[in-house]
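The sequence and the model are shown first, and the text then turns to individual residues.

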Amino acid sequence: MIQTEQNARLREIRDKVEARERLSMDDGLFLYDPQVPLQEVGILANYVREQKNGNVGYYNINTHLNPTNVCVYRCRFCAFRSDLRDPKGYAMSDEQILARGQEATDNGCTEMHIVGGLHHQRPYDWYRNLISQLHENYPQIHLKAWTAVEINWFEFQTKNSVRWVLEDMREAGLGSMPGGGAEIFHPEIRDQLCEHKANTHAWLDIHQTAHEIGLRTNCTMLYGHLEKAYHRIDHLMRLRELQDRTGGFQVFIPLAFHPENTKLDDLKKPSALMDLRTMAVSRLMLDNIQHIKAYWIMLGIGTAQTALHYGADDIDGTVRHELIYHDAGATTPEHLTVDQIRQLIAETGREPIERDTTYHRVHRDPDNFAKWESGESVDAVLN
Ligand code: SF4
C-alpha cells in the first residue's frame, strides 16, 4: 500500500475511533498489516484505553490451583497435560487443596484461579467437592474456576444441561469463570489445534448461559501459532457479538502461544511486536469489553509493561503456583511480590490499583495485610 493511501486509511480509522464508531473486519485486518506502523496502532489503542480506564494499571493478589494435569484430550498446543499412567501425571488430595486455601488466605489473596485437566477417572463430584471444600473453609476467597472446556466435560459426565452444571457449581461456591479454552474459534484453525474438545458453539453457549444466570466471565484468544490475522479478527468479532447480547465479559486476555514441550514445538513464539499489535488491535476491536489484560507470565515483564501503553489496563496478579505456561517454556518468575507488581506498573507512569476478581477496589487493613475487603466497582468510580 502506498504511503498516502495508508495515511488516509489510518485517518479514517482514527475518525471512527474518536467518534466511538465500531471497527469492521477490514479495519481490523488493516491494523494487523505489518506495514502499518505499530506505533500508530498503539496510539489509537492507548486513546481508547485512557478513555475507558484512565491512567490506572490494575492488578490483583491471586494464586493458581491446577488440581490435576491428567487429561483425556491432547490439544496440540498444550505442554501441561499428562496421560493417566505417565509419571508426570498427578491429582491433588483434599489436604493439598485445602493447604493451598490456607496459604492463599495467609498471603492475603483475594482470588484462586482454578483450571486443570479432564481426568479420566475423577467423577464430577470430585471437581464439585473441591469447590465446596474451599468455599466452606475459605469463604472470602473468590473462586474463579473451570473453563468452558471443563464445564462442557461436566455436562458430558453428569448428562445434565450447561445451566444445571453452572448453577450446581455456583451453589458449591463458584464465583466466576476464567476465559480459557477459547483458543481460536475459526474451525479452519480450531480443528487443527484441538478437534475433540468443546467446539466454538459450545464455548460461546456456556459463556452465554453463565452470563444469563448472573455469573461474570473472562474471555481469551490464543495467538501466534497456526492462525492468520483473519482468524484473530474473526475471533474478536465473535466475542464482541456475544458481549453485545449479554454484557457478561469483564476482561479480554490475549494469550501468546509458547511452543516448548508442545506438539507445535517447530514454531517460534510470537515476537514482542506481534504481542503489542495484538494487544492494541484487541483494544480497538472490543469496544464493548471494559478491560484488556496483559498477562505478564506469558508476555514477559517488559512486554507486559509496554502493553499498558498499547491498550491494556490490567497486568494480572502476583500469582503463585503457575504451571501451565511454565511447562510450555515461559521464563518469567513464578511469583511477584506486591511491591514488585506495583513498582512495575508505576514504572510505566500508570497508577497501580488493586482490584478483586470482579473489578472492585480492594481495601486492606494497614496493620494486617492479609485482612481486606472489597469496595466500590472500579468502573463506577471512573465513569
Ligand atoms: S489444553 Fe486443557 S483440554 Fe487441552 S490437553 Fe491441555 S489440559 Fe487438556
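Cys75 touches Leu193, Cys194 and Lys197, leaving aside residues up to four places away in sequence; contact requires that the C-beta atoms, placed from the backbone, lie within 7 Å. The structure is a predicted model, in which local features need pLDDT of at least 70 and side-chain atom pairs count only at pLDDT 80 or more, while totals for chains, interfaces and linings use all residues. Residues are numbered from 1 along each chain as its sequence is written.

Cys75 is placed in the loop between β2 and α4, and Cys71 lies in the loop between β2 (62-65) and α4 (94-106). Helices (H or I, at least four residues) and strands (E, at least two) are DSSP runs numbered from the N terminus. Excluding residues up to four places away in sequence, Cys71 touches Arg81, Gly117 and Leu118. According to an unreviewed UniProt entry, the annotation "binding site" covers Cys71, Cys75 and Cys78; such annotations may be inferred rather than shown by experiment.

The table gives the burial of three residues. A residue is buried if 20 or more other C-beta atoms lie within 10 Å of its own, exposed if 12 or fewer, and partly exposed in between, with C-beta atoms placed from the backbone.

| Residue | C-beta atoms within 10 Å | Class |
|---|---|---|
| Cys71 | 22 C-beta neighbours | buried |
| Cys75 | 21 other C-beta atoms | buried |
| Arg216 | 18 other C-beta atoms | partly exposed |

Cys71, Cys75 and Cys78 are among the residues surrounding the ligand, as are Cys194 and Lys197; a residue is near a molecule if its C-beta atom, placed from the backbone, lies within 6 Å of it. The shell around the ligand divides into eight nonpolar residues, one polar and three charged. Here Ala, Val, Leu, Ile, Met, Phe, Trp, Tyr, Cys and Pro count as nonpolar, Asp, Glu, Lys and Arg as charged, and the others, Gly among them, as polar.

Three strands form an open sheet in the order β2-β3-β4, with parallel pairing; strands pair if DSSP finds at least two bridges between them. Its edge strands are β2 and β4 (142-145), each pairing on one side only. Four bridges join β3 (residues 111-114) to β4, and Glu111 stands opposite His142 in β4.

Technical notes:
Two residues are in contact if their C-beta atoms, placed from the backbone, lie within 7 Å.
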